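Trainee: I have just opened this entry and would like a guided tour, please.
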Amino acid sequence: MTDQRVVSWAVTLLIALTALLWKANAATYNVITFGAKPDGQADSTQPFLQAWAAACGSAQAATISVPRGRYLLGNAVFRGPCKNSIKFQISGTLVAPADYRALGNTGYWILFIQVNRVTVAGGSLDAKGAGFWACRRSGSDCPVGARSITFNWANDIVVSGLTSINSQLSHLVINSCNNVRVSNVRLIAPDQSPNTDGIHVQGSTGVTITGSSIKTGDDCISIGPGTKNLWMERITCGPGHGVSIGSLGKVLNEAGVQNVTLTNSVFSGSDNGLRIKSWARPSNGFVTNILYQNIVMKNVENPIIIDQNYCPNNQGCPGQTSGVKISQVTYRNIQGTSATPTAMTFDCSPSNPCRGIRLEGINLSYMNRQAQSLCSNVGGTTSGVIMPNSCL
Ligand SMILES: *[C@@H]1O[C@H](CO)[C@@H](O)[C@H](O)[C@H]1NC(C)=O
Ligand SMILES: *[C@@H]1O[C@H](CO)[C@@H](O)[C@H](O)[C@H]1NC(C)=O
């Protein structure tokens, strides 16, 4: 070999080695390099899925980066398990197709399924739900609708700093998960948009939701069967239907809801504040060990309500009573204003009365006057100032 050939061979080798090393350490996958276009026009679904496939196969912790810009995304299923942890670092906005029918009938827009150790940080979602709501209002033949971002059978999940606007249905769903931390999310849809729950938690253990602002058309947070060890702190809710446990007890065999805390939160102009509701039907479901504390109500229609006679459209429940057993529910330091004369309602099941309801410092007024409370089939204790007067 000539000297020149040796040098050129050595340089080639060096480049190849560097590339290999870089590949081994670089676990950042930029969706742009997979062909995603930040123009809001070109369909970026496949590039996102390819970036996910690459990250999911990475032996090292991987980051998927989504730079600034708008990315048109159709149905996207991010499936695990993956080899290591994955962080979706989003600086841009993910936009659903303009035609709501494009998301089809799967029920999901962005779905994470069977993933572990996934973080979604930052970013915005714009599901463009208005067309879908209009379809539903017109009563025509509409698709089932899509939740904006869902985690199914996922563990060790973080969602932080995410904004979601105009979801077709729920903004964020946590279903059958363990250890999920949601923080600093903003979820926004119009007051009258149908079924746009903020966050729905179901069948999950160890979910915490902190520092989040939810203004939407249905429940700010809805809590379904099988929820355990849920912690919610510094939530602002309204407009919306409040923080609701339920509807529970629609079916006979149902997992219970236990150990739920909501603390240091504010409700403004919402339909409900602290609501527990169950269908008036036989069920072996239950709700126990619930704590609401340090809550401010601003012009809330039903600041405190347990409704065990839920029976929309009077179908499947008339003449029956709820089998859901509600016990050990504490309301501590709940202050502010009710938008209706009845600030506290405990409408419990005649066959399964609510037990262990504790009122510890309640100060709710209606138009600067004394509000009322309503009790049926409920037992418990009070301490401190209770306004309206307790009917326990
Ligand atoms: C209740 O849930 C909290 C988290 O919200 C958890 O720290 C606590 O250990 C749980 N308590 C029980 C008895 O499981
Ligand atoms: C109840 O709240 C009102 C309005 O904040 C306040 O003026 C009043 O002093 C409170 N009453 C008690 C007994 O804490």
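Trainee: What kind of model is it, and how are things numbered?
Mentor: The model is predicted, so local features need pLDDT of at least 70 and side-chain atom pairs count only at pLDDT 80 or more, while totals for chains, interfaces and linings use all residues. Residues are numbered from 1 along each chain as its sequence is written, chains are lettered from A and ligands numbered from 1 in the order in which they are written.

Trainee: How many helices and strands are there in the chain?
Mentor: The chain has 3 helices and 29 strands. Both are DSSP runs numbered from the N terminus, with at least four residues of H or I for a helix and at least two of E for a strand. The C-alpha trace spans about 100 × 45 × 40 Å along its principal axes.

Trainee: What share of the residues is buried?
Mentor: Of the 392 residues in the chain, 43% are buried. A residue is buried if 20 or more other C-beta atoms, placed from the backbone, lie within 10 Å of its own.

Trainee: And what about contacts in the chain?
Mentor: Among contacts between residues at least 6 apart in sequence, 73% join residues at least 24 apart. Two residues are in contact if their C-beta atoms, placed from the backbone, lie within 7 Å.

Trainee: Turning to sheets, in what order do the 11 strands of the open sheet come?
Mentor: The order is β5-β7-β9-β12-β15-β17-β19-β21-β23-β25-β28, with parallel pairing. Strands pair if DSSP finds at least two bridges between them. β5 (76-79) and β28 (372-376) stand at the edges with a single partner strand each, so one side of each has no neighbour in the sheet. Neighbouring strands are turned by 15° against each other on average, direction ignored; the axes are lines fitted to C-alpha atoms, and angles run from 0 to 180 degrees between N-to-C directions.

Trainee: Which residue in β9 is the bridge partner of L111?
Mentor: That partner is T150. The strands concerned are β7 (residues 108-113) and β9 (residues 147-152), which run parallel and are joined by 5 bridges.

Trainee: Which strands pair with β16?
Mentor: Among them is β13 (residues 178-183), which pairs with β16 (residues 205-215) in the parallel sense over 5 bridges, and there S183 stands opposite T210. β14 (residues 186-188) also runs parallel to β16, with 3 bridges. β18 pairs with β16 over 8 bridges, again in the parallel sense, and K228 in β18 is the bridge partner of T205.

Trainee: What about β24?
Mentor: β24 (residues 325-338) runs parallel to β22 (residues 286-300), joined by 11 bridges, and I295 stands opposite I334. β24 also pairs with β26 (residues 354-366) in the parallel sense over 10 bridges.

Trainee: Changing topic, where does UniProt place the "active site" feature?
Mentor: The unreviewed UniProt entry places it at H241; such annotations may be inferred rather than shown by experiment. H241 lies in the loop between β18 and β19 (243-248).

Trainee: Why does H241 count as buried?
Mentor: H241 counts as buried because it has 24 C-beta neighbours inside 10 Å. Leaving out residues up to four places away in sequence, H241 touches D218, D219, S270, D271 and N272.

Trainee: Finally, which residues are around ligand 1?
Mentor: They are N229, W231, N259 and T261, counted by a C-beta atom, placed from the backbone, within 6 Å of the molecule. β18 (228-237) and β20 (257-268) each supply at least two residues of this shell.

Trainee: How many are nonpolar, polar or charged?
Mentor: The shell around ligand 1 has 1 nonpolar, 3 polar and no charged residues. Ala, Val, Leu, Ile, Met, Phe, Trp, Tyr, Cys and Pro count as nonpolar, Asp, Glu, Lys and Arg as charged, and the others, Gly among them, as polar.

Methods. Buried ≥ 20, exposed ≤ 12 C-beta atoms within 10 Å, placed from the backbone.
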